[in-house]
Amino acid sequence: MPHFPSLQKDIKTDVLIIGGGMAGILCAYFLKEQGVDYTLVEGRRICSGVTKDTTAKITAQHGLIYHKLLQSAGYEKAKKYLDINQTAVRKYKQLCQKADCEYEEKTSYVYAMEDRKKLEDEMKALLRLGCPAYLQEPKRLPFQTAGAVCMEHQAQFHPLKFAAQIAAGLKIYENTFVREFREHAAVTDQGVITFQKAIFATHFPIINKHGFYFLKMYQQRSYVIALADAENVDGLYIDEAKGGFSFRNYKNFLLIGGGEHRTGKCGGKWEKLREFAAKHYPERDIKYTWATQDCMTLDDIPYIGRYAKHLPYCFVATGFRKWGMTSSMVSAMILTDLAMGQENPYSEVFLPSRGIVKKQLLVNGWEAVSNLLAPSKKRCPHLGCRLKWNGAEESWDCACHGSRFDEKGKLLDNPANGDLKH
């Protein structure tokens, strides 16, 4: 990855981008293309957070979402969700032609273990929305399924190789952590940045008193193993059900994902993946393991747009679930327009201010209250929830909002905005 300096003085910029993951970098790239005065600040190194842990599937197929969207949001919004995500897939293809990032076009599959009707409903929804989806038996998976909904012309790539080339020449300050947010000003340890507009691309939004993101989202851990010299599944696969597995190849490795659970709770972790590999790939060695963290919204649609009613000059991109690469591109396309004062026809689908009366809201509220009241020596500096020790990853995790710290108290994942105080 390229290196960038840290901020050393007070500066002014028209658009400040906070967060140097894929979403922030793409926002900076598009604003530069439009000749906008921008500055991106990253608290650590660019792409050192969730972007480096992604399995990097570029796809508009986000589980069995389109049948659900037709029912909950209607034809127009479901169509817009599909169209802008397909546009994002094509935009990656265009940009990857200029970057040596191991881009490969693949077919995407959402499979079901038992309920074929779910697949049939999703295929009908996609056909109604104008996407030529079809049902197929996935022959390359090591177990029997009820079939899969297939979407062609999706892709995979190496996100860090892509980001390294896209970021070259951008105005970026690394190791520049935003400690405090004021009206039209961001305070860092090295200087104050005065801006006209700001884009928060920090994975989980860092301002608590606006937008209620701490109630509208929770975070989820999931795990990946890489098997050496395993079979080529030749595609992007994910189970439609919670607790299932995902698959894709990278060179001679088979990447298997799963073991998901709410951050701060017990889950399958890597053990579930190891058991699966031992059963279905007994002769293959596990060469690498890692984990990632995803922001989950109330209705499975990201929050992309104006941060909050009382912050009309601020914008946010968050809640990507497991589709961070495609959603990063969607965010950059929408937020670039909004930051320039232009309307975007797709922004209404992702409005952060949309209704929040959902079942998941009660779950999030209960987790917050129970963990705020529970006794614990370790408390999260975000909103004071108790922290639980995660023995598998050797970290202190918050079940309320997903902040994580290493055993010495150093911040690993936000929304906490600093290390643990001893």
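**View 1. Leu16 and its bridge partner in strand β2.** The bridge partner of Leu16 in β2 is Thr39. Strand β1 (residues 11-18) and β2 run parallel and are joined by 4 bridges; strands pair if DSSP finds at least two bridges between them. Between β1 and β2 the chain passes through helix α1 (residues 22-33), a right-handed β-α-β crossover, meaning that the path from the first strand over the helix to the second runs clockwise with the strands pointing away from the viewer. Helices (H or I, at least four residues) and strands (E, at least two) are DSSP runs, numbered from the N terminus. This is a predicted model, in which local features need pLDDT of at least 70 and side-chain atom pairs count only at pLDDT 80 or more, while totals for chains, interfaces and linings use all residues. Residues are numbered from 1 along each chain as its sequence is written, and side-chain values use heavy atoms, without hydrogens and water.

**View 2. Phe143 and Phe247 form an aromatic pair.** The ring centres of Phe143 and Phe247 are 6.1 Å apart and the planes lie at 45°, so the pair is tilted (centres within 6.5 Å; stacked under 30 degrees, edge-to-face over 60, tilted for the rest). Phe143 lies in the loop between β5 (134-136) and β6 (147-156), and Phe247 in strand β13 (residues 246-250), 104 residues apart. Phe143 is buried at 16% relative accessible area (buried is under 20%, exposed over 50%, partly exposed in between; 1.4 Å probe, protein chains only). Phe247 is buried at 0%.

**View 3. Lys216 over the ring of Tyr303.** The charged end of Lys216 sits 4.7 Å from the ring centre of Tyr303 (NZ of Lys or CZ of Arg within 6 Å of the centre and within 35 degrees of the ring normal). Tyr303 belongs to an aromatic cluster that includes Tyr213 and Tyr307.

Terms used
Rings of Phe, Tyr and Trp (its six-membered ring) pair if their centres lie within 6.5 Å; planes under 30 degrees apart count as stacked, over 60 as edge-to-face and the rest as tilted.
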